[in-house]
Amino acid sequence: MRVYAICVYLFLYMPIAIIALFSFNAGRHASQLQGFSVQWYGRALKNPFVMDALQTSLMVALVSALLASVLGTLTAIGLQGMRGPVRVIFDGIIYIAIMIPGIVIGIATLIALVTVFDQINPWLAALWPEASEAPSLSMGMGSLIAAHTMFTMALVVVIVRARLSSLERDLAEASADLYATPFGTFWQITLPLIAPAILAGFLLSFTFSFDDFIIAFFVAGSETTLPIYIFSSIRRGVTPEINAIGTMVMLASLILLIIAQLILRREHKA
Amino acid sequence: MNVSPAPAGLSSDRFREETAPVAELRAVTKRFGDVTAAKNLNLTIDRGEFLSFLGPSGCGKTTALRMLAGFEQPTEGDVLIDGGIVNDSPPFCRPVNMVFQSYALFPHLTVEQNISYGLKQRRPRMDRSEISRRVARALDTVRLAGFENRKTFEMSGGQQQRVALARAIVNEPKLLLLDEPLAALDRKLRKEMQIELQDLQRQLGITFVLVTHDQEEALSLSDRICVMRAGEVVQMGTPRDLYDDPKTKYVADFVGTSNFFEGTVLSVKEDMAQVELADGSRFEGRASDSFRETETVCLSIRPEQIRLTGKAEDGAIEVVVQNRIFLGEHTEYLVRHSSLGNIIVLAPRQAELAGTAFNQGDRAWLNLSREAMLVLRQD
């Protein structure tokens with residue numbers, strides 16, 4: 001049994017360990033270890049394409065995580081106040097958004113957006129005073145942020161909902177009893193108490209968006225995010241530079257996830 | 001009392017405030033779906049009194065309290081505070097504060113921030129120095145000076161309870177509502193807090209409304225008790241009234257302990273009724289109400305009003321001692337009568353010391369005086 005477990009873990013984590021190991025390779029072949037060096041990290045960070053893709057990824061992750069946190073929190077609070085079938089249906093929809101494979105979200109978003117854009121663009125062109133200057137909606141940063149927000153918002157809703165339902169109803173009632181208006185209660189009691197959950201949701205959303213390849217691949221249009229860049233460079237052969245980028249992305253993601261977990265855990269103790 | 005709507009204006013408001021009871025329920029009914037939690041409640045709460053709602057869980061006492069606080073709206077009838085109808089006014093508009101059973105202290109705030117919470121909501125804003133002065137006074141009142149910067153979850157149950165109290169009284173409410181405030185404390189602490197609550201109420205002169213299922217608590221704290229059952233008020237009165245003159249078996253059973261014997265009324269003379277029990281024995285007792293002959297009733301006698309003797313006296317009934325429990329100042333005997341069944345008797349310590357102690361299996365005689373027997377309506 002123990003041997004079996006070790007095999008499973010080896011199978012899971014060996015490839016990742018190898019990538020990390022080979023990122024310190026001194027030679028330029030991905031399959032032959034030739035001494036230790038950090039030169040590939042330097043190269044990666046100096047590569048303008050990498051930095052461009054990184055910037056896009058960070059931008060998309062930040063904006064979509066912010067939007068997801070705000071919209072997700074509002075949704076969670078709204079759902080908390082609902083009863084009956086409406087709540088059940090919305091809860092179901094939220095969980096479905098998490099369970100649906102990324103590739104389905106990617107394709108569905110792509111088809112939906114393209115269809116809508118094709119409908120709207122002629123109208124925009126017709127209504128704009130100068131037809132040649134009319135804005136034309138297309139896939140890009142906007143569609144990428146929208147798709148990621150939709151997906152990660154569901155995560156925020158689930159996390160914030162868990163926190164909200166663990167709050168005693170008494171606290172809100174006590175606040176109302178002590179002359180606080182409903183908004184006052186939200187601002188002074190509810191929000192501070194669910195803030196850790198919102199922050200954890202934000203960090204998770206950021207990580208998911210930053211790491212996402214499948215959805216981005218479909219809806220990014222001409223934008224290149226870091227995962228898309230890595231994918232396209234691999235087609236030209238795996239270099240230690242890619243390994244270095246991969247290792248850095250992995251470390252950053254892990255750190256964010258651990259922080260999110262710590263926040264959630266500490267919140268449970270309090 | 002005349003509480004007809006007075007013409008608008010400050011002076012009439014003042015007039016209304018001084019003459020009207022501090023709160024009133026008028027024909028209040030509350031339904032949750034098919035469940036009727038409160039049925040046609042009518043009661044007035046006088047300024048400065050300590051009123052308790054007493055009853056088992058689910059009897060509607062908490063619903064009554066929540067309607068006074070504004071968390072529930074009556075389905076029918078009116079809730080009045082200071083003579084004005086407040087049916088639709090939300091909790092944050094009512095000059096009423098509540099101490100929750102769970103205390104509901106805000107976990108992210110310190111003791112001081114918890115207590116000042118209500119004062120800080122006031123508009124126009126209250127002076128900072130005034131707030132801290134009042135908070136300090138409230139902390140003094142509940143003997144928690146020096147705990148200002150503690151987090152509430154670091155404190156013991158009794159201390160949390162006092163913070164919850166301070167958080168309510170600092171606002172000087174017209175009505176302080178207490179929802180089973182002592183239920184979570186252990187017995188000794190509960191006794192202490194009961195005394196503190198009573199002192200506090202006398203010292204502040206605030207009207208207290210307590211909800212409890214603990215009859216001892218209600219008896220020792222209240223000026224008046226409102227006994228409830230299945231959403232209705234069964235009887236209302238001072239603790240003494242309820243104990244000495246219960247109107248129904250339910251009240252006699254819920255307030256204090258009592259022995260009950262079922263029977264039918266044979267005859268009624270003035271305020272005494274003669275009752276025949278199932279075994280044919282006849283007893284006389286005080287009639288708590290007007291009874292018809294042949295009506296099924298209940299004879300009730302309190303354990304401490306029965307005298308247990310070692311020799312047959314006139315009118316005494318013979319029993320066998322089943323069990324004896326030493327309670328310190330009293331000894332509780334469980335005795336068995338051949339046809340009346342088990343009877344509880346409470347003998348004072350003096351009787352024991354005087355040498356009339358009984359052991360299990362002993363024969364003894366019970367003296368049931370007609371003054372101590374109460375004829376109650378069966379319900």
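Q: How many residues does the largest nonpolar core have, and which of them have the most contacts inside it?
A: The largest nonpolar core of this predicted model has 140 residues. Those with the most contacts inside this core are L68(B), A166(B), L175(B), L177(B), V209(B) and V227(B). The set is called a core because its members are buried nonpolar residues joined through C-beta atoms within 7 Å.

Q: Which helix gives the most to this core?
A: Helix α8 of chain A, residues 182–211, gives the most, with twelve residues.

Q: Why does this core lie between domain 1 and domain 2 of chain B?
A: Both domain 1 (10–244) and domain 2 (257–377) of chain B give residues to this core, so the core lies between them.

Q: What is V227(B) in contact with, leaving aside its neighbours within four places in sequence?
A: V227(B) is in contact with L54(B), G55(B), V234(B), Q235(B), L242(B), V251(B), F254(B) and V255(B). These pairs count as contacts because their C-beta atoms lie within 7 Å.

Q: Which residues does the second, separate core include?
A: The second core has ten residues, including W40(A), A44(A), A53(A) and L54(A).

Q: How many residues of chain A are in contact with chain B, and what classes make up that side of chain A?
A: 16 residues of chain A are in contact with 17 residues of chain B. Helices α7 (169–177) and α8 of chain A each supply at least two residues of the side that touches chain B. The largest share, six residues, comes from α7(A). By class, that side of chain A has ten nonpolar, two polar and four charged residues.

Q: How many helices and strands does chain A have?
A: Chain A has eleven helices and zero strands. Of its 270 residues, 33% count as buried.

Q: What is the order of the open sheet in chain B, and which are its edge strands?
A: Four strands of chain B form the open sheet in the order β2-β1-β4-β5, with antiparallel pairing. The edge strands are β2 (35–45) and β5 (84–85) of chain B, since each pairs on one side only.

Q: What makes β4 and β5 of chain B a pair?
A: Two bridges join β4(B), residues 76–81, to β5(B). Pairing requires at least two bridges, so these strands pair. The bridge partner of L80(B) in β5(B) is I85(B).

Q: Where does helix α2 of chain B lie?
A: Helix α2(B), residues 61–69, lies across β1 (23–32), β2 and β4 of chain B and runs at about 115 degrees to β1(B).

Definitions and conventions: Residues are numbered from 1 along each chain as its sequence is written. Chains are lettered from A and ligands numbered from 1 in the order in which they are written. This is a predicted model: local features need pLDDT of at least 70, side-chain atom pairs count only at pLDDT 80 or more; totals for chains, interfaces and linings use all residues. A residue is buried if 20 or more other C-beta atoms lie within 10 Å of its own, exposed if 12 or fewer, and partly exposed in between; C-beta atoms are placed from the backbone. Domain bounds come from an automatic or database domain assignment. Two residues are in contact if their C-beta atoms, placed from the backbone, lie within 7 Å. Ala, Val, Leu, Ile, Met, Phe, Trp, Tyr, Cys and Pro count as nonpolar, Asp, Glu, Lys and Arg as charged, and the others, Gly among them, as polar. Axes are lines fitted to C-alpha atoms, for helices over the stretch in contact, and angles run from 0 to 180 degrees between N-to-C directions.
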